[in-house]
Amino acid sequence: MLCSLQASHAVASTFYYSYEPGGSIGKISTNGIATPFVSSPSDIANALTVDSSGNIYQANQETKTVIKVTPGGGVSDYVTSASFSNPSGLAFDTQGNLYVSDYAWVNQASLWKVTTNGTVSLFATFSGGGALTYNKVTGDLYAGNYIGGNVYKIDSDGTVTDVTKVQSPNALTTDANGNVFVTSQGYNDTTPYITKITPDGQTSIFWTAGAFEGKYLNAVTFAEDGILYATYGQDILQFSPEGTATTFASGLGAIGLTYAATVYEVTLTLKSSSNLTTWTPVLTNIVETQNPQEFYKNDISVRIKAP
């Protein structure tokens with residue numbers, strides 16, 4: 001049997017941000033150039049997340065729906081559930097299950113699990129709710145309680161552990177080493193800052209504005225090179241590994257922020273004496289070389305169903 005592998009298409013690395021009106025979504029290239037992408041697909045600008053194929057997701061609180069936007073700009077309803085109260089935080093696990101965190105000011109918030117076939121079930125409850133991230137290293141979810149300040153860890157069986165408290169946790173993200181980064185927005189004119197939480201629960205201040213400057217920290221995400229980005233007022237900041245901030249993009253008024261890494265679509269052709277089968281998988285985490293025609297991927301596994 002002969003097996004050949006060749007690239008057919010690549011979706012470039014892109015930042016996506018949400019803004020008003022109506023949860024509009026914009027794109028930012030890796031050199032900081034912003035362009036409109038999708039106009040008003042939701043009721044308000046909310047947190048964003050992406051799946052392994054580069055599709056973007058945003059919650060619509062009015063219709064209790066999670067909206068899916070393809071890299072080409074196609075908009076559709078991914079899941080709608082009467083069980084949702086105020087869907088806000090979104091995160092995918094490594095199996096493709098989507099987790100949806102309801103936002104609650106004073107009541108118990110619900111965390112919902114949406115399987116790949118669309119089944120919605122209650123996964124956990126905790127106070128507050130809103131911000132959400134999935135830690136690929138530990139296999140845990142982390143959620144924030146905006147009013148109470150709690151940061152929770154939710155393990156794979158739905159057990160909730162109170163990890164730490166910060167001021168108004170508004171967004172969370174996780175780096176490749178399993179460290180969780182939490183933005184403290186600056187609610188009630190307090191100083192905005194970013195907290196780092198290690199996998200063993202140690203906390204430290206990664207960055208602080210020093211004083212309230214009339215700007216709020218709203219969203220935070222990592223790019224595939226390990227650099228942290230956050231929305232701050234009208235700007236998006238870029239942080240060095242040591243926590244030094246520089247302006248990456250300006251004048252956007254971004255609420256949500258996420259990053260879609262380069263995704264290559266490839267064609268795998270299998271030839272034998274009796275049949276010819278063509279299968280098109282999607283590969284992620286591909287390491288690019290100096291030659292744009294060459295690429296490789298670690299730990300690739302392919303499942304083929306015989307004809």
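Lysine 196 stands opposite serine 204 in β20. The structure is a predicted model, in which local features need pLDDT of at least 70 and side-chain atom pairs count only at pLDDT 80 or more, while totals for chains, interfaces and linings use all residues. Residues are numbered from 1 along each chain as its sequence is written, and side-chain values use heavy atoms, with hydrogens and water left out.

Strands here, like helices, are DSSP runs numbered from the N terminus (strands, E, at least two residues; helices, H or I, at least four). Two strands are said to pair if DSSP finds at least two bridges between them. By five bridges, β19 pairs in the antiparallel sense with β20, residues 203-208. Five residues separate β19 from β20 in the hairpin that the two form, and in its turn glycine 201 has a positive phi of about 90°. On the other pairing, β18 also runs antiparallel to β19, again over five bridges. The residues that stand opposite one another include the following.

| Residue | Opposite residue |
|---|---|
| Threonine 183 | Isoleucine 194 in β19 |
| Threonine 195 | Isoleucine 205 in β20 |
| Lysine 196 | Serine 204 in β20 |

Burial is judged by relative accessible area (buried under 20%, exposed over 50%, partly exposed in between; 1.4 Å probe, protein chains only). Because four of its five residues are buried, β19 is largely enclosed by the rest of the structure.

Glutamine 185 lies in the loop between β18 (180-184) and β19 (193-197). This residue is buried, with a relative accessible area of 13%. Its side chain makes a polar contact with the side chain of asparagine 218 at 2.9 Å; such a contact is a pair of N or O atoms within 3.5 Å, and within protein one must be able to donate a hydrogen and the other to accept it, residues adjacent in sequence counting only if both atoms are side-chain atoms. Contact in general means heavy atoms within 4.5 Å. Beyond its neighbours within four places in sequence, glutamine 185 is in contact with residues including Tyr146, Gln167, Pro192 and Asn218.

Threonine 49 belongs to strand β5, residues 48-50, and is buried at a relative accessible area of 10%. Neighbours within four places in sequence aside, the contacts of threonine 49 include Tyr57, Leu90, Phe92 and Thr258. Its C-alpha atom is separated by 9.7 Å from that of alanine 59, ten residues apart along the chain.
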